[in-house]
Amino acid sequence: MSLPKSIKGFDRYEHYYFFTDCMLCDCVKKHRLAVSSTPRFNGDEEGARSYNVEVITIRCSCGRIKTICDLDEFSDFHLDAIKHFHRRGRTQEEEDQDHYNVSLLARYFYYLDDGKYEKNIKFSSAERETQEHCYFAARRRVVEGEAEDLIKELIAKNSHAYSQAQEDYKND
Ligand SMILES: [Zn+2]
């Protein structure tokens, strides 16, 4: 079955197929979106207990697996992001541009909080959760096609957070 239009049409027992470039195979391959079960751990090392969670994964026919998110977090945004970042015929230039926009805007959202800049805490040293939060916001702009306009606007108004993001990206 092909990917559903929206999350309302998503059936967790269904397997969804689409063709996209595989980074490992370096060619267009059939991929499957499905629910998988994966172990997770909680507690400290001694008392760690493993339990299974259901996650959304994309699996290439070569076996390469990428986890998208937990099943209960799966939203229209994730679905749109899969369609955007895995669309067939996406050129290398488009991929590089998306990568650049996501990296830059994630840093921009991070440095919007002046304290981060003042205290000299680099984006790369921020907590993983904070970084992911910023990446999520950046990906949203890219998927919704707003990244280019936002960047133009930030350059036009000489945004301090944006210059900081650029500086940071160059030195990373
Ligand atoms: Zn593959």
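In strand β2 of this predicted model, Val28 is the bridge partner of Asp21. Residue numbers start from 1 along each chain as its sequence is written. Because the model is predicted, local features need pLDDT of at least 70 and side-chain atom pairs count only at pLDDT 80 or more, while totals for chains, interfaces and linings use all residues.

**Overall layout**

The protein has six helices and four strands, where helices (H or I, at least four residues) and strands (E, at least two) are DSSP runs numbered from the N terminus. Read from the N terminus, the order of elements is β-β-β-β-α-α-α-α-α-α. The C-alpha trace spans about 50 × 50 × 30 Å along its principal axes. Of the 172 residues, 15% are buried. A residue is buried if 20 or more other C-beta atoms lie within 10 Å of its own, exposed if 12 or fewer, and partly exposed in between, with C-beta atoms placed from the backbone. Among contacts with a separation of 6 or more, 49% come from residues 24 or more positions apart; two residues are in contact if their C-beta atoms, placed from the backbone, lie within 7 Å.

**Confidence**

The mean pLDDT of the protein is 91, and 98% of the residues score at least 70. pLDDT is the predictor's confidence in each residue, from 0 to 100. Where pLDDT is low, the predicted coordinates should not be read in detail.

**Strands**

Strand β1 (residues 16-22) runs antiparallel to strand β2 (residues 27-42), and seven bridges join them. Strands β2 and β3 are also antiparallel, with 12 bridges between them. Two strands pair if DSSP finds at least two bridges between them.

Strand β3 (residues 49-60) contains Ile58. Ile58 counts as partly exposed because it has 19 C-beta neighbours inside 10 Å. Leaving aside residues up to four places away in sequence, Ile58 touches His31, Leu33, Lys66 and Ile68. Ile58 and Glu153 are 95 residues apart in sequence, and their C-alpha atoms are 35 Å apart in space.

Most residues other than glycine have a negative phi, and most peptide bonds are trans. Two exceptions are tabulated here.

| Residue | Phi |
|---|---|
| Asp26 | about 60 degrees |
| Asn158 | about 55 degrees |

Asp26 lies in the loop between β1 and β2, and the hairpin of these strands has four residues between them. Asp26 is exposed because 8 other C-beta atoms lie within 10 Å. Asn158 sits in the loop between α5 and α6 (160-171). Asn158 counts as exposed because it has 8 C-beta neighbours inside 10 Å.

**Helix α4**

Helix α4 (residues 128-143) has 16 residues and reaches 22 Å from its first C-alpha to its last, close to the 22 Å expected at 1.5 Å a residue. The expected span of a helix is 1.5 Å times one less than its number of residues. The buried residues in α4 are Cys134, Ala138, Arg139, Arg141, Val142 and Val143. Their cover includes α1 (76-85), α2 (92-111) and α5 (147-156). Just after α4, Gly145 takes a positive phi of about 75 degrees.

**Domains**

The domain assignment gives domain 1 (7-85) and domain 2 (92-171); such bounds come from an automatic or database domain assignment. The C-alpha centres of domain 1 and domain 2 lie 26 Å apart. Five residues of domain 1 are in contact with four residues of domain 2. On the side of domain 1 that touches domain 2, the residues are three nonpolar, one polar and one charged. Here Ala, Val, Leu, Ile, Met, Phe, Trp, Tyr, Cys and Pro count as nonpolar, Asp, Glu, Lys and Arg as charged, and the others, Gly among them, as polar.
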